[in-house]
Amino acid sequence: MPDTPVEKIATDPSEIKPEAGTALCLSGGGYRAMLFHLGALWRLYEARLLQDVQRLSSVSGGSITAGVLAVKWRQLSFDPVRLMSDFVPMVVSPIRALADETIDADAIFWVWLCPAA
């Protein structure tokens with residue numbers, strides 16, 4: 001078991017060292033992950049902790065939420081008082097709008113029509 005959260009491998013450049021700071025990792029899981037992480041970001045914003053994040057890592061559904069956050073990051077005030085005037089319209093609303101869409105309707109139709117195809 002390593003003593004640190006970062007373990008170097010033979011091909012890593014020796015001069016690169018882990019940086020101190022706050023990182024946030026958003027996992028996968030499709031729409032559920034996308035919406036779960038939206039709630040987590042909302043709470044971090046309210047607690048004034050989201051502004052301290054220096055690195056963001058994500059996969060799958062978490063990447064949708066991370067992408068919207070990244071696009072809007074510089075426009076956010078990170079002031080909990082302005083939550084409803086900046087974070088909700090810039091980050092929450094677009095993700096909720098995407099969650100409202102059925103983006104695989106054609107695939108469902110064709111699988112239902114031709115299940116052996």
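Which residues make the nonpolar surface patch of about 510 Å²? In this predicted model, the patch is formed by Phe109, Trp110, Trp112 and Leu113. One of these residues, Phe109, sits in helix H4, which covers residues 105–113.

Asp86 belongs to helix H3, residues 83–100. This residue is buried and yet has no salt bridge. Arg82 is the nearest side chain of opposite charge, at 4.5 Å from Asp86; a salt bridge requires a side-chain nitrogen of Lys or Arg within 4 Å of a carboxyl oxygen of Asp or Glu. The Asp86 side chain does make a polar contact, at 2.5 Å, with the side chain of Ser77. When neighbours within four places in sequence are set aside, the residues in contact with Asp86 are Tyr45, Leu76, Ser77, Phe78 and Val91.

Two backbone angles are also listed. Most residues other than glycine have a negative phi. Arg48 and Ser60 have positive values, although neither is a glycine.

| Residue | Phi | Location |
|---|---|---|
| Arg48 | about 60 degrees | loop between helix H1 (30–46) and strand S2 (53–58) |

Ser60, at 51%, counts as exposed, because the term applies over 50%.

Methods
Residues are numbered from 1 along each chain as its sequence is written. This is a predicted model: local features need pLDDT of at least 70, side-chain atom pairs count only at pLDDT 80 or more; totals for chains, interfaces and linings use all residues. Side-chain values use heavy atoms; hydrogens and water are left out. Patches are made of residues with over 30% relative accessible area and no salt bridge: like charges are joined within 9 Å, nonpolar side chains (Val, Leu, Ile, Met, Phe, Trp, Tyr) within 5 Å. Accessible areas come from the Shrake-Rupley method with a 1.4 Å probe; for residues, only the protein chains shown count as cover. Helices (H or I, at least four residues) and strands (E, at least two) are DSSP runs, numbered from the N terminus. Buried means under 20% relative accessible area, exposed over 50%, partly exposed in between (1.4 Å probe, protein chains only). Lys and Arg count as positive and Asp and Glu as negative; His and the chain ends are not counted. A polar contact is a pair of N or O atoms within 3.5 Å; within protein, one must be able to donate a hydrogen and the other to accept it, and residues adjacent in sequence count only if both atoms are side-chain atoms. Contact means heavy atoms within 4.5 Å.
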